[in-house]
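Reader: Please take me through the contact between the two chains in detail. After that, follow the salt bridges and the nonpolar packing beyond it.

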Amino acid sequence: MRVAITVNVNEKSYTLDVMPHDRLLDVLRNELQLLGTKEGCGKGECGTCTVLLDGKAVNACLVLAVQVNGSSVMTIEGLGGEEALSPLQENFIRYGAVQCGYCIPGMLMSAKYLLDTNQNPTREEVRVAISGNLCRCTGYTKIIDAILATAKGGLECG
Amino acid sequence: MEENRVYSYRSLSETLKTIKELEDPKIIAGGTDFLVRHGEHLWKFPHLVDIGAIKELKGISVEEDKVVLGALVTHQELADNPYLREHALFLVEAAREVGAPQIRNRGTLGGNLVNASPAADLAPPLIALGARGVACSASGCRSFLLQDFFLGPGKADLRSDELLCSVYFAKPKKNSAGSYVKIGQRRALAISVVGLAVFVTLDEEKKKILDIELSIGSVAPRPLLLKETRAVLLGQAVSSLPLTEAKRALTKEISPIDDIRGTREYRLLVSQVVLERALGTALLRLGVQV
């Protein structure tokens, strides 16, 4: 039986009919065509589906769509815009943090969550912040460098 | 064909009434365990009860004589709580060990305990704090010692019409501190190979162990409250702790097995290391170097 939910995604409000077993990940990708959020494992271990739910980083594969009724979600598409990338995104490019790119949306969302809650993280705190995001290409160092540089740059988070 | 339904109420009594009336209701809170386990066959469950909105189950409250943790408190909320960071840091340490940030923002205290994994990270520190749990059904509530809640791997002492509502413990006394040490195959997203909590209370002069509780996970079918090890250390002078004897007692009290995360032999060895490490950290927090 379909359930109607109202959810704010990237600052736009949507009313959607979802199935009880639909995951937030499914609704984002299939209903809203927001493909930046990926499914890497489907069980909360890789972080490629990381989004912000009411400001908190979560795995969209482990949230049911019915559970986000009345909530707000930010996906990678909500970070920066068509006109200009966010400081985090700029630094990911500048510091060579991107190789294949698959882990990057999730990494950026975890980084945004970190900088939203901690403006001056240590290197260790950055590592903890991305400990739920796997990367097979980069060895993480430049991702961490980019996040630290963004924090030190004193630029507005994300 | 019966259609699948999701039930979600803000009121505890409404929810308890519903789960009593439904046939085979499946409870979901944070979903970080439930959806890993059941995500691929949710269509099999006609009745899902999402308890995440129940207001009575939320929040941490520090009362005059006790601290009450609502079952819906997330690992991150535990980790962020100023009172716990000041007075029960080892519980915060355990919460920080769970999963990764994304999991900690959704996974709950209630879920961690009800899933009853012997490796549940929140169990040892709470058991060491002498915590009690409260379970409620439409007929009423009952409280119990937390260590009695665990019946075996994956089996909690909870009826199908009950919800675990809260966990509470007496406010830690002066001159007491704890430590939680976890061994895992990774530093995040790891199920513990061994997880040990120590909670020590020293005398006024900080020379003797006035009281000590130890609890360990992943080395038996349930998280254990260590009695023999406690007996060896209780009343001892901190300057001459009988560590060798304590370690020997520990190896006799635990019954680890070989599994995909480690061998029985490794767990017997590393538990002893962790005991010494956790004791050292707890005492250091009280200003005592051993």
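Predicted model: local features only at pLDDT ≥ 70, side-chain atom pairs only at ≥ 80, totals over all residues.

Author: Start with polar contacts. Between chain A and chain B, eleven residue pairs are in polar contact, both residues at pLDDT 80 or more. On the side of chain A that touches chain B, the elements giving two or more residues are β3 (50-53), β4 (56-59), α3 (104-117) and α4 (123-129) of chain A. Sorted by class, this side of chain A has 13 nonpolar, ten polar and five charged residues.

Now the extent of the interface. Chain A puts 28 residues in contact with 27 residues of chain B. Together the chains bury about 2,100 Å² between them. Carbon and sulfur atoms account for 60% of that area. In chain A, the residues that lose the most area to chain B are Met1(A), Leu62(A) and Gln67(A). These three together make up 28% of what the chain A side buries.

Charge pairing across the interface comes next. The rule finds one salt bridge between chain A and chain B. Glu124(A) pairs with Arg187(B) in a salt bridge. Their closest N and O atoms are 3.1 Å apart.

Over all chains, the structure holds 23 salt bridges. One of them lies within chain A, where Lys43(A) pairs with Glu45(A). The closest N and O atoms of Lys43(A) and Glu45(A) are 4.0 Å apart. Lys43(A) is partly exposed, at a relative accessible area of 41%. Glu45(A) is partly exposed too, at 39%.

Arg285(B) and Glu93(B) meet through their side chains in a salt bridge, 2.6 Å from N to O. This pair links distant parts of the chain. Arg285(B) sits in helix α11 (residues 264-285) of chain B, Glu93(B) in helix α5 of chain B, and 192 residues separate them. Arg285(B) is partly exposed, with a relative accessible area of 34%. Glu93(B) has 17% relative accessibility and therefore counts as buried, because buried means under 20%.

Another pair in chain B is Asp259(B) with Arg261(B), whose side chains form a salt bridge at 3.9 Å, N to O. Asp259(B) is partly exposed, with a relative accessible area of 31%. For Arg261(B) the value is 26%, again partly exposed. Chain B also has a network: salt bridges that share partners join Arg142(B), Arg159(B), Asp161(B) and Glu162(B).

Turn to the nonpolar packing. The largest nonpolar core has 36 residues. Those touching the most other members are Leu69(B), Leu84(B), Leu113(B), Leu126(B) and Phe169(B). Several elements of chain B each supply at least two residues of this core. The helices are α3 (75-80), α4 (82-87), α5 (89-97), α7 (109-114) and α8 (123-128) of chain B. The strands are β5 (66-70), β10 (163-170) and β12 (194-202) of chain B. Helix α5(B) gives the most to the core, with five residues.

Leu113(B) is then in contact with Ala123(B), Leu126(B), Leu146(B), Phe149(B), Phe150(B), Ala156(B), Leu164(B) and Val167(B). One of these partners, Leu126(B), is also among the core residues that touch the most other members.

Technical notes. Residues numbered from 1 in each chain as written. Chains lettered and ligands numbered in written order. Heavy atoms only, no water. Contact = heavy atoms within 4.5 Å. Buried area = accessible area lost by both parts, 1.4 Å probe. Polar contact = N/O pair within 3.5 Å; in protein donor to acceptor, adjacent residues only side chain to side chain. Helix = DSSP H or I, 4+ residues; strand = E, 2+ residues; numbered from the N terminus. Nonpolar A, V, L, I, M, F, W, Y, C, P; charged D, E, K, R; others polar. Core = buried A, V, L, I, M, F, W, Y, C linked by side-chain atoms within 4.5 Å. Buried < 20%, exposed > 50% of the residue type's maximum accessible area, 1.4 Å probe, protein only. Lists of a residue's contacts leave out its neighbours within four places in sequence.
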